[in-house]
Amino acid sequence: MGILVDNNSRVIVQGMTGREGASHSRAMKDFGTQVVAGVTPGKGGTDFEGWPVYNSVAEAKAAHDANVSIIFVPPAGAADAVLEAAHAGMPLIVLITEGVPTVDMMKAVQEVKTLDAQSRAEGGQGIRLIGGNCPGLVTNGQAKVGIMPNKIYTNPGRIGLISRSGTLTYEAAKLLNDAGMGTSTTVGIGGDPVIGTTFADVLPLFEADPDTDAIVVIGEIGGADEEAAAEYIAQHMKKPVVAFISGRSAPKGKRMGHAGAIIMGDVGTPESKLAAFAAANVPVADTMPEIIDMVKAALSK
Amino acid sequence: MKLHEYQGKEILRQFGVNVQDGKVARTPDEVRAIAREYGQPVVVKAQVHVGGRGKAGGVKFSPTEDKAFENGEKILGMDIKGLTVNKVLVTKAVDIDAGVEYYVGMIVDRNVQSFTLMASAEGGMEIEEVAAATPEKIIKHRVDPVTGLRPYEAREVAIKAGFKGNLNKIADMMVKMSEAALKRDAVLVEINPLFVGPDGIPLALDTKFEIDDNAMYRHADLADWRELEAEHPLEIEASKYGFAYVKLDDGNVGVLGNGAGIVMTSLDVVNRAGAKPANFLDIGGGAKAEIVYNAVKLVSKDTDVKAIFINIFGGITRADEVAKGVIQALNDGILTKPVRMRIAGTAEDEAKALLAEVGSPLIQMYATMFEAADEAAKDANAAEGK
């Protein structure tokens, strides 16, 4: 089970024939994901390592009844690739690409939201974008639609994981794995200022997931997504949530690698995030290994 | 990319914003010539990429040509927060007391997944100060990224903010600022002060403009506006290698890792270990030995760095490639400072074997990031006699 993806997910890869797209298509297949086709405009009708390649998402979707698209298209065309998938009615779109111009993402995210609302109004399943600049998502033991290393997901468990950072997702997943707890679904939401899905969007999915007992939220400095998550948790969540905030010692006004990781004025400070989680009774770990003890403590209550 | 005031004004002018006349000078004589040409009081303003120029003495009212020359001499070559002033903007002065100063600006706002337009009647001040003291005096409005700001919305915001003057012309300036932000991929644009004189006509007296680095490829015409001399030399070198690199003040431990999140956490861990990070360096994913070699080379050049902490969680990145890069740096004599690293993940055992073969006390691998950071902190503090 898990959320968003499972072993029934039928995945197409936009940009499959590129270097990143190719290697991660193989890794996803090795994980057990049903990768059904690739999309590379101009290479339609060809075969790539046993996968059929199409010129458009609409063609690939129609031919394979696909319901997930993962995008490895370079930054200049990435937002357009999102729009192509959304207009083809793809219910789940995962944008891995890093370095997409923010204005492009603003426009794409807004249009995806409009299409999502339309689809839902018509009784459809909606359209969700995850990312960009994200590692994707994994439902342990079922499917990976992303770029996480396969070997940290050897132990399916009952802890949900949401993170803005790719590497810290791996770190936390490995800690949970090694502690014998394992993960249910891991969702990397991405480190950019404008992303399709936020912490607060993912939390209700975990709350409703019968296979998740507790949730770990890995946040970082910058923006107010963690504050919004804390507010949501306080109002709606019954399952325990444990948090971690990265970059607590970073100086103000400097952009720390992630375009979204910057403290501007008093917005995005570690203090405001810690205060928000405290107000929501969410324990915040000082170091990542402490997450494990906190999850254990929360579950034993 | 942060733009200088004169560059930001040039962009706003291209979009039709009524901008105060000004010219750039690099010598006091040029300052005098511009002041003579304008034949009226001028303001001489340092062009550096830091805030608080005015307080630092980098902005001076100059009623005469001689005074302008004198102020040019004072400001050119002066040091503001570590940056040397190489250029000044000489603008016509306005009689501020005869009008009012407002603030308008737009920032990328992740909370609304678009730009937020901000307007305040408290112009001329740092907007952060207004936000801290009297947040209710800042009117905020989400700008639709597809349609841009429409005139009626701009008027509504201007009215709410309490702006007086020719509302159509003020709103028009805000609309044009919004067009500039969207078409030029701004991360931030401010007009502050937006001066409204006795005639009610708005005039942009100062501006801040910062462009999204990810979008620079479609603004090739602005590429040569980038001033390498205004940036830290190691940051320039880092950008050649494609690293995300930030030089940090008062640090002694060089920090590098694969991914923004892990490097941010590494900074926290170094702090906890009782030392200070000297930099943030993200080598990205899937780094080969050569990239690691360049990263070590770059960090080693920083004289503040007394020890190096490498923190890698390898998925696509192979631990043995990381080890090879570090060993190569040692063999080439580049590496003279201790390297303490945690490399988890793919090919960890191969990395250990390679390091054992070399057997140098300068390079040590640890099981956890905490142990590696503790050792790096000890080494760095010991080197500084702490």
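This note walks through a predicted model, point by point.

1. **The annotated domain.** The UniProt annotation "domain: CoA-binding", from an unreviewed entry, covers residues 4-100 of chain A. In the model, this span is 35% helix and 26% strand. Its end C-alpha atoms lie 24 Å apart.

2. **The annotated binding site.** The unreviewed UniProt entry also places the feature "binding site" at T17(A), G18(A), R19(A), E20(A), K43(A), I96(A), T97(A) and E98(A). These positions are spread over 82 residues of sequence. They are spread in space too, with up to 23.8 Å between C-alpha atoms.

3. **Two of those positions.** G18(A) sits in the loop between β1 and α1 (19-31) of chain A. At 31% relative accessibility, G18(A) is partly exposed. I96(A) is in the loop between β6 and α4 of chain A. At 10% relative accessibility, I96(A) counts as buried, because buried means under 20%. Beyond four places in sequence, I96(A) touches I70(A), I71(A), F72(A), N133(A), C134(A), P135(A), G136(A), G146(A) and I147(A).

4. **The largest core.** In soluble globular proteins, nonpolar side chains tend to be buried together. Here the largest nonpolar core has 93 residues. Those with the most contacts inside it are I70(A), I162(A), V187(A), I218(A), F277(A), I291(A) and F309(B). Helix α8 (residues 260-272) of chain B gives the most to this core, with seven residues. A second, separate core has 73 residues, and includes V36(A), A37(A), L129(A) and L149(B).

5. **Around I70(A).** What does I70(A) contact, leaving aside its neighbours within four places in sequence? The list is V11(A), I12(A), V13(A), Q14(A), M28(A), V94(A), I96(A), V145(A) and G146(A).

6. **Helix α3 of chain A.** This helix spans residues 75-87 and has 13 residues. From first C-alpha to last it reaches 19 Å, close to the 18 Å expected at 1.5 Å a residue. A78(A), A79(A), A81(A), V82(A), L83(A), A85(A) and A86(A) are buried in α3(A). Their cover includes the strands β1 (10-14), β5 (68-71), β6 (92-95) and β7 (128-131) of chain A. It also includes the helices α2 (57-64) and α4 (102-121) of chain A. After α3(A) comes G89(A), with a positive phi near 80°.

7. **Strand β10 of chain A.** Is β10(A), residues 156-163, enclosed or open? Six of its eight residues are buried, so the strand is largely enclosed by the rest of the structure. Five bridges join β10(A) to strand β11 (residues 183-188) of chain A, and the two run parallel. In that pairing, I159(A) stands opposite T183(A). Five bridges also join β10(A) to strand β12 (residues 214-220) of chain A, again in parallel. There, L161(A) stands opposite V216(A).

8. β10(A), α5(A) and β11(A) make a right-handed β-α-β unit. Helix α5 of chain A covers residues 166-178 and holds N177(A). N177(A) has a relative accessible area of 11%, which means it is buried, as the cut-off is under 20%. Beyond four places in sequence, N177(A) touches K151(A), I152(A), T154(A), N155(A) and G182(A).

9. **Cis peptide bonds.** One cis bond joins G131(A) and G132(A), with omega about 10°. G132(A) is found in the loop between β7 and β8 (136-139) of chain A. Another cis bond joins N192(B) and P193(B), with omega about 5°. P193(B) is found in strand β11 (residues 186-196) of chain B.

10. E49(A) has phi near 50°. E49(A) lies in the loop between β3 (47-48) and β4 (51-54) of chain A, and is partly exposed at 42% relative accessibility. D250(B) has phi near 60°. D250(B) lies in the loop between β14 (244-247) and β15 (253-257) of chain B. With a relative accessible area of 70%, D250(B) is exposed.

Definitions and conventions
Residues are numbered from 1 along each chain as its sequence is written. Chains are lettered from A and ligands numbered from 1 in the order in which they are written. Side-chain values use heavy atoms; hydrogens and water are left out. UniProt positions are given in the numbering used here, feature names are shortened, and annotations may be inferred rather than shown by experiment. Helices (H or I, at least four residues) and strands (E, at least two) are DSSP runs, numbered from the N terminus. Buried means under 20% relative accessible area, exposed over 50%, partly exposed in between (1.4 Å probe, protein chains only). Contact means heavy atoms within 4.5 Å. A nonpolar core is a set of buried Ala, Val, Leu, Ile, Met, Phe, Trp, Tyr and Cys residues joined through side-chain atoms within 4.5 Å. The expected span of a helix is 1.5 Å times one less than its number of residues. Two strands pair if DSSP finds at least two bridges between them. A crossover is right-handed if, with the strands pointing away from the viewer, the path from the first strand over the helix to the second runs clockwise.
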